[in-house]
Amino acid sequence: MVAPNPKLLFANTAVVPVLTIERVEDAVPLARALAAGGLNVIEVTLRTDAALDAVQAIAAEVPETVVGVGTVTQASDIAFAFSAGAKFLATPGTPPALATALSKALIPVIPSCATVSEAMALAALGFSVLKFFPAESTGGIGFLKAIGAPLPELSFFPSGGIDAGTAPAYLALPNVIAVGGSWMVPKDALAARDFSKITALARAAAALRR
Ligand code: 3PG
């Protein structure tokens, strides 16, 4: 058995905000601000105590947004994410036991790789869309161009160090299905609850296409 294919997530979007939410009360206005700019597939990382409550709030109150959970690092995270209302899962890296657990998930999974061998191990489990993290520091565009020759069946969702300036070059690659990043949610803008600035940055990001 393999988890549902994540390709549909990217049918109408090429940029996925990767969010670290410290205050649960920011979750809904942040998701709405991003959706107002045209970004309605978002990844909330499990890096803060507020993360699962944030996912639950977004799933309940922002129906136009497809919220996934990122930074899944252990099998037990899968059930917590699913219960919170996550529509997809992503990892920062995917050791074998986690990969096996994820292959049985009932929602789409984007497991991360950073090497060719990791990509091959995930492909052998049936995963066809892989996160490539941390993209900029593990080979970036050069890695993705090179891996396309031996593994043409795989699509990648690079994330980590990508910004408005570098995203277009990633999206021009035939094996990149979308890019992830936090550049449209600057820390100072979120701290100041400057949601109109976030909407403006989201609008520019949403204009990017594969
Ligand atoms: C991720 O988990 O995908 C990254 O933390 C996003 O990377 P960025 O903050 O460098 O954009």
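**A walk through the predicted model**

Let's start with two helices: the axes of helix α2 (residues 51–61) and helix α3 (residues 75–84) cross at roughly 30° and come within 8 Å. Here an axis is a line fitted to C-alpha atoms, for helices over the stretch in contact, with angles from 0 to 180 degrees between N-to-C directions. Helices (H or I, at least four residues) and strands (E, at least two) are DSSP runs, numbered from the N terminus. L52, V55, Q56 and A59 of α2 meet F80, A81 and A84 of α3, where contact means heavy atoms within 4.5 Å. By class, this contact has six nonpolar residues, one polar and no charged. Ala, Val, Leu, Ile, Met, Phe, Trp, Tyr, Cys and Pro count as nonpolar, Asp, Glu, Lys and Arg as charged, and the others, Gly among them, as polar.

A word on the source: this is a predicted model, in which local features need pLDDT of at least 70 and side-chain atom pairs count only at pLDDT 80 or more, while totals for chains, interfaces and linings use all residues. Residues are numbered from 1 along each chain as its sequence is written, and side-chain values use heavy atoms, leaving out hydrogens and water.

Now to the interior. In soluble globular proteins, nonpolar side chains tend to be buried together. A nonpolar core is a set of buried Ala, Val, Leu, Ile, Met, Phe, Trp, Tyr and Cys residues joined through side-chain atoms within 4.5 Å; buried means under 20% relative accessible area, exposed over 50%, and partly exposed in between (1.4 Å probe, protein chains only). The largest core here has 65 residues, and L34 and L89 have the most contacts inside it. Helix α1 (residues 24–36) gives this core its largest share, six residues. A second, separate core of 11 residues includes F10, V41, F88 and I110. Most residues other than glycine have a negative phi, and most peptide bonds are trans. Which residues does a cis peptide bond join? The pair is F133 and P134, with omega about -10°, and P134 sits in the loop between β7 (129–132) and α6 (140–148). T71, in the loop between β3 (66–70) and α3, has a positive phi near 55° and counts as buried at 13% relative accessibility.
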